[in-house]
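Please keep the sequence and the model open side by side while working through the points of this note. Each point takes up one part of the structure in turn.

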Amino acid sequence: MRLIAIVLAACVLLPVTQPASAQATLDAVRKRGSLSCGVNGAAPGFSMQNAAKQWEGLDVDLCRAIAAATLGDATKVTYTPLTAERRFAALETGSIDVLARNTTVSLQRSAGVHARFAAINYYDGQAFVVPKQLKLTRVSGLADKTVCVTKGTTHEFNMAAWFTLRGFTIYTLNFDTQEQMYAAFFAGRCQAVTQDSTALAAAIVQSGKVDDYMMLPDIISKEPLGPYVRNGDSPWLDVVRWTHYAMLEAEEREITRNNVDGKLEAKDVNVQLLLGVRPGNGKILGLDEKWAYNIVKQVGNYGEIFERNVGGGSALKFGRGVNALWTRGGAMYAPPLR
Amino acid sequence: MRAPPRLLASLALAAGLLALGVTSASADSTLDTVKKRGRLVCGVNGALPGFSLRNAVGEWEGLDVDLCRAVAAAVLGVATRVDFVPLPSDKRFDALRAGTVDMMARNTTVTLQRDAASDIQFAAVNYYDGQAIVVPKDSAARELADLRNGSICLTRGSTHELNLQNWFRVRRLSVRPLAFADEGAMYDAFLNGECVAVTQDATALISTFVRRNKAAGVRMLPEVISREPLGPYVRGGDKAWLDVVRWTHNAMVEAEALELTQSNVDRERRESHDILVRNLLGRAPGNGRALGLDESWAFNVIVQVGNYGESFERNLGSRSPLGLRRGANALWRDGGQMYPLPMR
């Protein structure tokens, strides 16, 4: 009896390296009938609610695409806004299935037992915005000035490194949230604000003060942004990764929301593989063979979601730049979907 | 009945280890195995010029060979502690699964169905291959559009025919494919002047012309018109090892982005104030610990093997008989796909 008790006690200590929900996120999402997505919530172009309280953004559309792929319904998503400091904990404890929160991918965030990044859905870089009246032309002009920054981000680190290397002093005001940071900046408590260029541009456009502020030309870091999932659940990682890649493939093959039904008749083997007319991809991912068809039909290809959220169809009007397809000078490149 | 003391002790030990978060998975990690063995066993092609091939004096050379050496430098501190195992195409994944090799750097395409297989995992893309076009060296063509209305040799029924037709159609140009059932006959036809160009994946083109001793008489056009990303594979379920291989490749690309070379990296480690350089080379610790490696892991890679550009140039580029341009394998800021993820 004592031996059994000891063995049982030993077994109870087993699952300490991974939360109980690892390995089974796809099953959990299906059982629940909805996807739980961790987002920023205050990042125009990436994740924010519009005036009618509907969620919009590049990261939101990625979540919708995952829901379309796994549940057949892009609307079955619940969004949880998370601060920068709490985002990884929410993922690791299982409160969310995927973190789609304009989060930079880096070695120390993804090595070891930490969360795993699934893909890069936006190549960004850190920049600075200043009032035009300061008449600054370069970031070096911020020496001895004060910069507003958000806690728990890579921005503070990058900025300190950049100024130290050049022998400059810089002062910072740190805030828990993006909103507090921008409120302080617009109230004049600091001479500059720093964040990824997309977030900065969005905040300025939203403030309605585009004429009073400018972005300095120096981009001081690479900030490849992408979704994260828990470690130890490779099937789920693959679902998130290949959802993003399916949207790139669709764009490369010129398949859009409007023409995808017609493309079901296509003779092109690549199109047949993507849309499940030639089966195989769905099966190995554990999804319906129409997973990618559902993504394109309900959400769109990558170019369409870029345009509507941050490109020409939005107030932000960013160019594709590094986020163009590899065939158009950018870095968006999907391995073959076969 | 009381359990024997040794059984109790081993159960207590197991319980204690589990409580510390040491699972059996990490005890079996390839990283530990390689460290213990003191050598890295690398599955390669063995017959592909520029990627993995023994030279005239029996030394292994190639882009994939360099990646294996880089992993050995990162893990063992010595790039030469590698055993290369040539693997035929149909046996390569079995060798990896069976544990015959620690990793496979064998010009293997990353695809959805391979990535989603649970027992193998790709670690990185170290060469963006794809369908390319070769012309005679004295051809007037400088880019693919120059071949409009020309006859191009290719293999019948392949994706190559489809991709080529697509490329010209999208640009509203015409082309005349000359299709062959047999690859050998296709190359013969090209060398006989029956077509102005021949198309296949770049690595296959290279391999064939070098083997036929005709590399000096041909030139590759700059365009790559399909996606065949090649990269190293490791076994599934071994994240620590996956990270080592992935970030070794990334370190070589980051080194090139930071302009660190075999010849300057020692000085840069001593003198640079750039936090990116200090992070990479271990002056500011953290990366090594995250990977389970010595903090000088990346320094060892660069000083013993070089950065990605150096490896490319010596094996495939301007310092090799192949003379390929970087193309899709250039850094992202030079129009290619090599984008090093932040190493912090």
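1. Before the helices are discussed, a word on how their packing is described: axes are lines fitted to C-alpha atoms, for helices over the stretch in contact, and the angles run from 0 to 180 degrees between N-to-C directions. Please also bear in mind throughout that this is a predicted model.

2. In chain A, helix H9 (residues 234-252) packs against helix H14 (residues 302-309) at an angle of about 100°, and their axes are 7 Å apart. Because angles of 65 to 115 degrees count as roughly perpendicular, H9(A) is described as roughly perpendicular to H14(A).

3. Which residues make this contact? From H9(A) come A:Met247, A:Leu248 and A:Glu251, while H14(A) supplies A:Tyr302, A:Gly303 and A:Ile305. Sorted by class, the contact of H9(A) with H14(A) has four nonpolar residues, one polar and one charged.

4. Turning to chain B, the chain is divided into domain 1, made up of 26-128 + 229-253 + 313-326, and domain 2, which is 131-226. The C-alpha centres of these two domains of chain B lie 29 Å apart. Nine residues from domain 1 of chain B and seven residues from domain 2 of chain B take part in the contact, and the domain 1 side comprises six nonpolar, two polar and one charged residues.

5. Is helix H15 (residues 308-315) of chain B mostly covered or mostly uncovered? Helix H15 of chain B is mostly covered, with six of its eight residues buried, namely B:Tyr308, B:Gly309, B:Glu310, B:Ser311, B:Phe312 and B:Asn315. The elements that cover these buried residues of H15(B) include strand E4 (60-61), helix H4 (63-76) and helix H10 (239-257) of chain B.

Definitions and conventions:
Residues are numbered from 1 along each chain as its sequence is written. Chains are lettered from A and ligands numbered from 1 in the order in which they are written. This is a predicted model: local features need pLDDT of at least 70, side-chain atom pairs count only at pLDDT 80 or more; totals for chains, interfaces and linings use all residues. Domain bounds come from an automatic or database domain assignment. Two residues are in contact if their C-beta atoms, placed from the backbone, lie within 7 Å. Ala, Val, Leu, Ile, Met, Phe, Trp, Tyr, Cys and Pro count as nonpolar, Asp, Glu, Lys and Arg as charged, and the others, Gly among them, as polar. Helices (H or I, at least four residues) and strands (E, at least two) are DSSP runs, numbered from the N terminus. Angles under 35 degrees count as roughly parallel, over 145 as roughly antiparallel, 65 to 115 as roughly perpendicular and the rest as oblique. A residue is buried if 20 or more other C-beta atoms lie within 10 Å of its own, exposed if 12 or fewer, and partly exposed in between; C-beta atoms are placed from the backbone.
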